[in-house]
Amino acid sequence: MSFAWRTAGMNYLQYSSIAARALRRVVKADLQTEIAKREGVAIKFAKWDNGKAGALNNVPLIETRPKAEN
Amino acid sequence: MSFITRAIKPATRLAARRFYASEAASSGKLIVNFALPHESVLKNHEVSQVDLSAVSGDLGILADHVPTIEQLKPGVIDLISESGSQKYFVSGGFAIMNPNSVLNINAIEAFKIEDIDAQAVATNLAESQRLASSAKDEITKEAAAIEVELYEALQAALSGKAK
């Protein structure tokens with residue numbers, strides 16, 4: 001099975017983060033303060049080579065709204 | 001003689017299989033564990049049926065369902081028990097059906113349908129649709145398309161509830 005987002009170069013972490021962020025946006029206002037705490041969670045990865053960690057990189061989250069809104 | 005044994009063999013095999021199936025069916029209830037990274041929503045929760053939408057299609061899961069792992073689409077998880085139905089909307093995740101009538105559901109985000117703001121869904125759907133058609137780079141377009149799919153599923157779930 002192939003997904004459109006996968007062929008566009010996205011991975012599952014990015015896909016699921018986009019979907020989760022989209023869902024958080026539309027939750028009723030009285031729950032938003034609680035939800036805001038888990039916004040902006042990121043995953044970092046490093047490639048290990050010969051027992052040594054390489055540079056630490058972020059899995060970039062793709063922005064779909066102007067920065068101020070997120 | 002060999003003719004007789006050949007005739008008997010399939011019959012015994014069938015009987016053995018029947019015995020196994022009836023034994024498995026006796027466990028009855030479906031047990032659901034529903035977990036998010038930040039919260040355990042349900043633990044050892046007894047239900048009679050769970051409806052969920054997987055990438056491979058919509059499923060209704062009863063006790064003794066065949067073991068399977070399904071990737072969840074953004075959609076509704078409907079937990080049906082004798083006291084009624086509980087509906088959650090998940091952003092996506094996995095459902096793992098175990099051989100012992102235990103269903104584990106993992107999702108990134110899940111909210112009860114009544115906690116969703118229908119007005120916000122409509123405005124965000126419009127915004128994501130605009131971005132999906134106007135974004136310059138492929139990856140932003142695809143990200144917006146994911147959001148459009150989620151909001152459309154959410155609108156369908158909200159209108160289904162109003163009926």
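**Exercise 1.** Work out what share of the 163 residues in chain B is buried.

*Solution.* Start with the criterion: a buried residue has 20 or more other C-beta atoms within 10 Å of its own, with C-beta atoms placed from the backbone. Apply that to chain B and you get 29% of its 163 residues. Keep in mind that this is a predicted model, where local features need pLDDT of at least 70, side-chain atom pairs count only at pLDDT 80 or more, and totals for chains, interfaces and linings use all residues. Residues are numbered from 1 along each chain as its sequence is written, while chains are lettered from A and ligands numbered from 1 in the order in which they are written.

**Exercise 2.** List the secondary structure of chain B in order.

*Solution.* Take DSSP runs numbered from the N terminus, helices being H or I with at least four residues and strands E with at least two. Chain B then has three helices and nine strands. Reading from the N terminus, that's α-β-β-β-β-β-β-β-β-β-α-α.

**Exercise 3.** Find which element of chain A gives the most to the side touching chain B.

*Solution.* First, 22 residues of chain A contact 29 of chain B. Next, α2(A) comes out on top, with nine residues.

How values were computed: Two residues are in contact if their C-beta atoms, placed from the backbone, lie within 7 Å. A residue is buried if 20 or more other C-beta atoms lie within 10 Å of its own, exposed if 12 or fewer, and partly exposed in between; C-beta atoms are placed from the backbone.
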